[in-house]
Amino acid sequence: MIKLWNYFRSGTSHRVRIALNFKGVEWQYQPLNFLTQQHKEKAYLDLNPQGLAPAIEIDGAVLFQSPAIIEYLEERFPEPPLLPGDAISRAKVRAMAMLIGCDIHPLNNLRVLNEVKALTGQDAPPLDWIAHWVAEGFSALETLLSRDDSRHPDVCFGTTPGLVECYLIPQVYAANRFKVDMTPYPLIRQIDQACSKLAAFQKAHPDIQPDAPGK
Ligand SMILES: N[C@@H](CCC(=O)N[C@@H](CS)C(=O)NCC(=O)O)C(=O)O
């Protein structure tokens with residue numbers, strides 16, 4: 001059985017949950033409590049020396065780094081595909097995913113926010129900082145989406161959801177949680193709405209995971 005070590009609210013965990021559900025494979029939820037720093041305990045560091053979520057046990061191996069995990073899932077379970085059939089399209093899709101995964105998420109990750117709070121001496125999450133990086137990334141993505149008149153309006157590329165939505169939906173969830181103004185991004189909002197009706201995304205939603213408050 002595939003085991004995913006993750007935290008309900010972690011965007012990188014959320015990505016992998018979507019990909020696993022999308023592929024229709026069975027997997028087991030292994031909670032990592034960030035509040036008690038479980039991800040920094042030796043038992044987890046033995047699996048992932050970075051002490052970051054997620055990690056996955058699959059096919060006798062332990063993998064970490066969500067992009068590497070998702071690419072493995074794509075190779076191991078080719079249907080339904082997360083990536084399009086031709087190389088140029090795949091590069092375009094990966095670029096949109098990386099726009100989020102490399103250039104928004106890492107700047108707003110928990111450990112970075114904690115460092116910003118420490119440097120600025122504030123207690124509350126630095127909402128301006130968070131909104132700045134979301135706005136920079138989402139503006140570029142919104143422009144890309146507006147230029148592509150061949151895509152279905154419910155997805156970022158082509159006619160079905162795939163890799164980009166694995167990255168985008170968790171980032172929109174985080175943006176909403178931190179009260180980022182989403183009104184400038186109607187195309188992104190439409191895609192988020194459309195994905196919220198699909199089972200793979202519903203089952204991956206942070207609020208219904210076993211370690212979410214009230215579960
Ligand atoms: N590039 C890594 C980033 C992993 C990452 O930053 N995970 C976050 C959760 S979204 C984490 O574990 N944060 C814990 C912390 O900052 O202490 C990946 O995509 O897996």
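## Salt bridges in the predicted model

A salt bridge is here a side-chain nitrogen of Lys or Arg lying within 4 Å of a carboxyl oxygen of Asp or Glu. By that criterion the structure, which is a predicted model, holds four salt bridges. Three of them are described below, beginning with the pair Asp 46 and Lys 42.

## Asp 46 and Lys 42

The side chains of Lys 42 and Asp 46 form a salt bridge with an N to O distance of 2.8 Å. Both residues, Lys 42 and Asp 46, are exposed.

## Asp 59 and Arg 76

A further salt bridge joins the side chains of Asp 59 and Arg 76, at 2.6 Å from N to O. Asp 59 lies in the loop between strand 3 (55-58) and strand 4 (61-64), while Arg 76 belongs to helix 3 (residues 66-76); the pair therefore ties together parts that are 17 residues apart in sequence.

With a relative accessibility of 45%, Asp 59 counts as partly exposed. Arg 76 is likewise partly exposed, its relative accessible area being 38%.

## Glu 71 and Arg 94

Helix 3 also contributes Glu 71, which forms a salt bridge with Arg 94; the closest N and O atoms of this pair are 3.1 Å apart. Because Glu 71 lies in helix 3 and Arg 94 in helix 4 (residues 87-101), the contact ties together parts that are 23 residues apart in sequence.

Glu 71 has a relative accessible area of 26% and is partly exposed. Arg 94, at 31%, is also partly exposed.

Conventions. Residues are numbered from 1 along each chain as its sequence is written. This is a predicted model: local features need pLDDT of at least 70, side-chain atom pairs count only at pLDDT 80 or more; totals for chains, interfaces and linings use all residues. Side-chain values use heavy atoms; hydrogens and water are left out. Buried means under 20% relative accessible area, exposed over 50%, partly exposed in between (1.4 Å probe, protein chains only). Helices (H or I, at least four residues) and strands (E, at least two) are DSSP runs, numbered from the N terminus.
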